[in-house]
Amino acid sequence: MKGITKAWISGIFFFLMASLAMGQADYALQRSQMVKTQIQARGITHQATLSAMLNVPRHEFVPEDKQVFAYSDGPLPIGNGQTISQPYIVGYMTQALRLKASHRVLEIGTGSGYQAAVLSKIADSVYTIEIVKELAITAKKRLKLLGYDNAIVRQGDGYHGWPEKAPFDAIMVTAGAEAIPQPLLDQLKVGGRMIIPVGPHNAVRQLVLVTKKKDKIIKKNVMPVRFVPFTRDKTKNKS
Ligand code: SAH
């Protein structure tokens, strides 16, 4: 009898482990399909971006009941009225920054932490700011748990950037702003690039690629996009 119980227990254990492994393998397959059909097929060629997106488990960054949709071709709700961007947009914005392994990156709008994880696989360090406290706390825990030690989360209004860590080689804003915040332009290195959705709220915005030259700022509209709005912390709002 004892032997049978033991066999049962090890049988159940084996079954659970096998299902877990199969689930992970299935997600890995879905991820490689996502990179192939949604990212590469639409013209993203930057190798480090592709391999980061192949590597980062997007399903770990969405609520449990949305995990089955994690690799689908669209944005997903992440709670607090916010969304994780469509994989293609993540790929496009990441490639646009032309990141190098030595780069220090600033992200505004941590959300789930997914984009920060992707950036952290490519660059040296990622500083990311999230205005919603609950999201900042969850993303911080999640990034730590998954081992993205070079992604540092701070809660606050990203309008002011992160002056203590400036200047940055690259800046990515993942919330739609009405205008480009001046502090972010100031904290970008000469030669650095910023990608930011700009335009009026409740309308289609333009994804703007900003290049900072020694004596001028070049802005180029690269694609129409929809993004959740860039909000401001009214309590500390000085500018
Ligand atoms: N990059 C995220 C998705 C961003 S959604 C991801 O990979 O999941 C946009 C996020 O920007 C939201 O979480 C929103 O709360 C945040 N946000 C909006 N305005 C902000 C501001 N002023 N400073 C910092 N975060 C802001």
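User: In which helix does Ile9 lie?

Analyst: A residue is first placed in its secondary-structure element. In this predicted model, Ile9 belongs to helix α1, which spans residues 2-39.

User: Is Ile9 buried or exposed?

Analyst: The class follows from relative accessible area, with exposed meaning over 50%. Ile9 has a relative accessible area of 57%, so Ile9 is exposed.

User: Which residues form a nonpolar patch on the surface?

Analyst: The patch consists of Trp8, Ile9 and Ile12, and together these residues present about 370 Å² of accessible area.

User: Where does Thr211 lie, and why does Thr211 count as buried?

Analyst: Thr211 is part of strand β8, residues 205-212. The cut-off for buried is under 20% relative accessible area; Thr211 counts as buried because its relative accessibility is 14%.

User: With which residues is Thr211 in contact, leaving aside its neighbours within four places in sequence?

Analyst: Sequence neighbours are set aside in such a list. For Thr211, the remaining contacts are Gly192, Arg193, Lys216, Ile217 and Ile218.

User: How far apart are Thr211 and Ile9 in sequence and in space?

Analyst: Separation can be stated along the chain and through space. Between Thr211 and Ile9 there are 202 residues of sequence separation and 61 Å from C-alpha to C-alpha. For reference, the C-alpha atoms of the chain fill a box of roughly 80 × 40 × 35 Å along the principal axes.

User: How many helices and strands are there in the chain, and what percentage of its residues count as buried?

Analyst: Such totals describe the chain as a whole. The chain contains six helices and nine strands, and 47% of its 239 residues count as buried. Among contacts with a separation of 6 or more, 55% come from residues 24 or more positions apart. The accessible surface comes to about 12,600 Å², with 58% of that area belonging to carbon and sulfur atoms.

User: Which residue forms a salt bridge with Asp73?

Analyst: The partner is Arg42, with 2.6 Å between the closest N and O atoms. This pair links distant parts of the chain: Asp73 is in the loop between α2 (47-55) and β1 (76-79), whereas Arg42 is in the loop between α1 and α2, 31 residues apart. Asp73 is partly exposed, at a relative accessible area of 40%, and Arg42 is also partly exposed, at 37% relative accessibility.

User: What is the salt-bridge partner of Lys66?

Analyst: Lys66 pairs with Asp65, the closest N and O atoms being 3.2 Å apart. Lys66 counts as partly exposed at 21% relative accessibility, whereas Asp65 counts as exposed at 53%.

User: Which side chain does Asp157 meet in a salt bridge, and is Asp157 buried or exposed?

Analyst: The side chain of Asp157 meets that of Arg232, at 2.8 Å from N to O. This pair also links distant parts of the chain, 75 residues apart: Asp157 in the loop between β5 (151-155) and β6 (168-173), and Arg232 in the segment after β9 (217-225). With 10% relative accessibility, Asp157 counts as buried.

Definitions and conventions:
Residues are numbered from 1 along each chain as its sequence is written. This is a predicted model: local features need pLDDT of at least 70, side-chain atom pairs count only at pLDDT 80 or more; totals for chains, interfaces and linings use all residues. Side-chain values use heavy atoms; hydrogens and water are left out. Helices (H or I, at least four residues) and strands (E, at least two) are DSSP runs, numbered from the N terminus. Buried means under 20% relative accessible area, exposed over 50%, partly exposed in between (1.4 Å probe, protein chains only). Contact means heavy atoms within 4.5 Å. Accessible areas come from the Shrake-Rupley method with a 1.4 Å probe; for residues, only the protein chains shown count as cover. Patches are made of residues with over 30% relative accessible area and no salt bridge: like charges are joined within 9 Å, nonpolar side chains (Val, Leu, Ile, Met, Phe, Trp, Tyr) within 5 Å. A salt bridge is a side-chain nitrogen of Lys or Arg within 4 Å of a carboxyl oxygen of Asp or Glu.
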